[in-house]
Amino acid sequence: MSTLEAITLDQVVDTARYPLSELESAEGQAVVSRARRELQTLGCTVLRDFIRPSLRDVLRQECAAIAPLAHFDVETVNVYNIAVDSALPEDHPGRRTFQRGNAFVARDRVPADSLISRLYSHQVFQGFIAGCFGLPQLHELADPLSGLVLNVVEPGMEHPWHFDTNEFTVSMLTQEAQAGGAFEYCPNIRSAHDENFDDVRDVLDGRGERIIRRLPLQPGDLQLFKGRYSLHRVSPVRGEAARHSAIFAYSERPGVIGSVARTRQLFGRVLPEHLAAEGRAVRGDRLLD
């Protein structure tokens, strides 16, 4: 690691609280152990004030500057991100549909010198994230659009209940909504072997309050989340300000590129890399999405 990298990391991250370069120290082991424990039991952990508070305005301004570059689309979806006209039983939770008004700024439109870009590509940061998830190594996505994105939820919009296709997610709120925009989730509501349709249906029908957790987030907090098995959403955003969050996408294996259909849905375009990789995706379970 170069001196420049070390200085940059210490300037951006509160490394006294989160000693990324000294994970073998007592402090480093305590941070990683807590993250692993909460991910195991709750499916989620938040590292408060991960970005130094003095840089919150810089973080917000950099991301707000590129937010207008987001591809915006409103679509009818279900929690499994499968076709809404799929042949399913009448009471199946996949029959419930929602309007999703989501927008994403693709990686090729995120400046390389921005805080989120420098953090995403930093090997020490990647090693820390891998340790928190109990993995030997993580890889940046080879996908030129979806590796690092800024998610924008405009006032009046929401990201309705859904499961993630990938097992884990790393994200950071960069701008709060004026009102609404809360992150809500149902820890481990399903497993790789059990969809647990009954509880999922209860949540979608407004009877799942006993299952739902609401997670307060502040700009600069780092959130690690297992969204494959935990139903989750961003509640409707209200007021004048949009909700912005950076999503750092990694994989346990190198060379991961998104599908043509999903990439076009998220960004309104595909690149030659997506066309060349089509059909090579490998699934690790038999869940619906």
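Predicted model: local features only at pLDDT ≥ 70, side-chain atom pairs only at ≥ 80, totals over all residues.

1. Pairing of β9 and β10. These two strands run antiparallel and are joined by three bridges. Within the pair, Phe183 has Leu215 of β10 as its bridge partner. As background, the strands of a sheet pair through backbone hydrogen bonds, in either a parallel or an antiparallel manner.

2. The strands follow the order β6-β12-β9-β10 in an open sheet of four strands, and the pairing is antiparallel. Which strands stand at the edges? They are β6 (residues 159-162) and β10 (residues 213-215), and each has a single partner strand, so that one side of each is left without a neighbour in the sheet. On average, and with direction ignored, neighbouring strands of this sheet are turned by 15° against each other.

3. The helix that lies on the sheet. Helix α6 lies across β6, β9 and β12 (residues 231-234), and its direction is at about 20° to that of β12.

4. Most residues other than glycine have a negative phi. Asn188, however, has a positive phi, near 50°, and Asn196, which is not a glycine either, has a positive phi of about 50°. Are these residues buried, exposed or partly exposed? Asn188 counts as partly exposed because its relative accessibility is 35%, and Asn196 counts as partly exposed because its relative accessibility is 23%.

5. The nonpolar cores. The largest nonpolar core has 49 residues, among which Phe50, Phe125, Leu222 and Phe248 touch the most other members. Helix α5 (residues 123-132) gives the most to this core, contributing six residues. If neighbours within four places in sequence are left aside, the contacts of Leu222 include Phe50, Phe125 and Phe248, together with Thr45, Val46, Leu47, Ile129, Val170, Ser171 and Met172. There is also a second, separate core, which has 14 residues and includes Cys186, Val203, Ile211 and Ile212.

6. Which residues of α3 (residues 56-66) are buried? They are Leu59, Cys63 and Ile66. Seen down the axis of α3, the buried residues fall within an arc of 60°, and they therefore line one face of the helix. On the other side of α3, Asp57 and Ala65 are exposed. The elements that cover the buried residues of α3 include the strands β3 (98-105), β5 (148-153), β7 (169-175) and β14 (243-248), as well as the helix α4 (115-121).

7. Side chains of opposite charge can pair when their charged atoms come close. How many salt bridges does a search of the whole structure find? The search finds 20 salt bridges. One of the pairs is formed by the side chains of Arg34 and Glu38, at 3.3 Å from N to O. Both of these residues lie in helix α2 (residues 26-42), where they are four residues apart, or about one turn of the helix. Arg34 is partly exposed, with a relative accessible area of 26%, and Glu38 is also partly exposed, with a value of 23%.

8. Glu90 is exposed, because its relative accessible area is 64% and the cut-off for exposed is over 50%, whereas Arg95, at 34% relative accessibility, counts as partly exposed. In the salt bridge between Asp205 and Arg207, the closest N and O atoms are 3.6 Å apart. Asp205 counts as partly exposed at 33% relative accessibility, and Arg207 is partly exposed with a relative accessible area of 47%. Asp205 and Arg207 also belong to a network of salt bridges, in which they are linked with Arg96, Asp199, Asp202 and Arg210.

Note on methods:
Residues numbered from 1 in each chain as written. Heavy atoms only, no water. Core = buried A, V, L, I, M, F, W, Y, C linked by side-chain atoms within 4.5 Å. Buried < 20%, exposed > 50% of the residue type's maximum accessible area, 1.4 Å probe, protein only. Contact = heavy atoms within 4.5 Å. Salt bridge = Lys/Arg side-chain N within 4 Å of Asp/Glu carboxyl O. Arc of directions from axis to C-beta. Pairing = 2+ DSSP bridges. Axes fitted to C-alpha atoms, helices over the stretch in contact; angles between N-to-C directions.
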